Amino acid sequence: MKKQFNRMRQLANQTVGRAEKTEVLSEDLLQVEKRLDLVKQVSHSTHKKLAACLQGQQGTDLEKRSKKLPLTILAQCMVEGAAVLGDDSLLGKMLKLCGESEEKLAQELLVFELQIERDVVEPLYVLAEVEIPNIQKQRKHLAKLVLDMDSARTRTSYQRTCTTLWPKK
């Protein structure tokens with residue numbers, strides 16, 4: 001309780017300008033800290049929009065994801081239509097060929113989306129939701145420690161002044 005009171009008193013004195021405030025971050029680091037919130041906001045919104053662009057469901061296994069892609073559904077429909085019409089008809093052959101092509105396109109899209117998710121979406125999420133909040137938390141902790149250090153320095157200085165002015169008899 002006393003420590004919190006001293007911390008608040010020191011903060012008030014620094015705000016008013018009566019107490020000296022220790023600067024532990026360089027000018028460059030202060031500028032980086034100001035940009036941190038912007039980076040968090042941009043990375044969060046980019047992650048959200050990019051995840052919405054992916055056609056497959058995030059986080060599901062490869063098989064489930066493949067079955068839910070619109071291209072896979074179209075390919076399956078074409079192959080089934082080709083089976084109904086038979087290989088002897090021109091439309092059946094065309095549907096079979098197009099269905100196989102669509103299936104290959106779906107697999108390529110799936111591989112591409114998995115790569116985007118692994119290389120871009122997940123790192124953006126980690127940056128916005130884990131790393132930047134940790135940096136901000138550590139910065140608040142540093143500010144608290146600096147305030148404690150300034151408070152202790154002020155108290156020590158005050159005690160020296162008092163013992164010099166009014167020595168014990």
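Which side chain of opposite charge is nearest to Glu113, and how far away is it?

## A buried glutamate

The nearest side chain of opposite charge is that of Arg65, 4.2 Å away, and Glu113 is buried (under 20% relative accessible area, where over 50% is exposed and partly exposed lies in between, with a 1.4 Å probe and protein chains only). Glu113 has no salt bridge, a term that requires a side-chain nitrogen of Lys or Arg within 4 Å of a carboxyl oxygen of Asp or Glu. For charge, Lys and Arg count as positive and Asp and Glu as negative, whereas His and the chain ends are not counted.

Glu113 is found in helix 5, which covers residues 90–165; helices here are DSSP runs (H or I, at least four residues) numbered from the N terminus. Leaving aside residues up to four places away in sequence, Glu113 touches Leu54, Gln55, Gly56, Arg65 and Leu69, contact meaning heavy atoms within 4.5 Å.

## Basis and confidence

This is a predicted model, in which local features need pLDDT of at least 70 and side-chain atom pairs count only at pLDDT 80 or more, while totals for chains, interfaces and linings use all residues. Residues are numbered from 1 along each chain as its sequence is written, and side-chain values use heavy atoms, with hydrogens and water left out.

The pLDDT, the predictor's confidence in each residue from 0 to 100, averages 82 over the protein chain, and 76% of the residues score at least 70. Among the elements of the chain, the lowest mean pLDDT, 63, belongs to helix 1 (residues 2–16), and the highest, 93, to helix 4 (residues 70–85).

## Salt bridges

The count comes to four salt bridges. One of them joins Arg139 to Glu33, with the closest N and O atoms 3.0 Å apart; because Arg139 lies in helix 5 and Glu33 in helix 2 (residues 27–53), this pair ties together parts that are 106 residues apart in sequence. Arg139 is partly exposed at 25% relative accessibility, and Glu33 is also partly exposed, at 31%.

Lys67 pairs with Glu63 in another salt bridge, at 3.9 Å between the closest N and O atoms. Both Lys67 and Glu63 lie in helix 3 (residues 62–68), four residues apart, about one turn of the helix, and both are exposed. A further salt bridge links Asp119 with Arg118, the closest N and O atoms being 3.1 Å apart, and Asp119 is partly exposed at 42% relative accessibility.

Conventions: Helix = DSSP H or I, 4+ residues; strand = E, 2+ residues; numbered from the N terminus.
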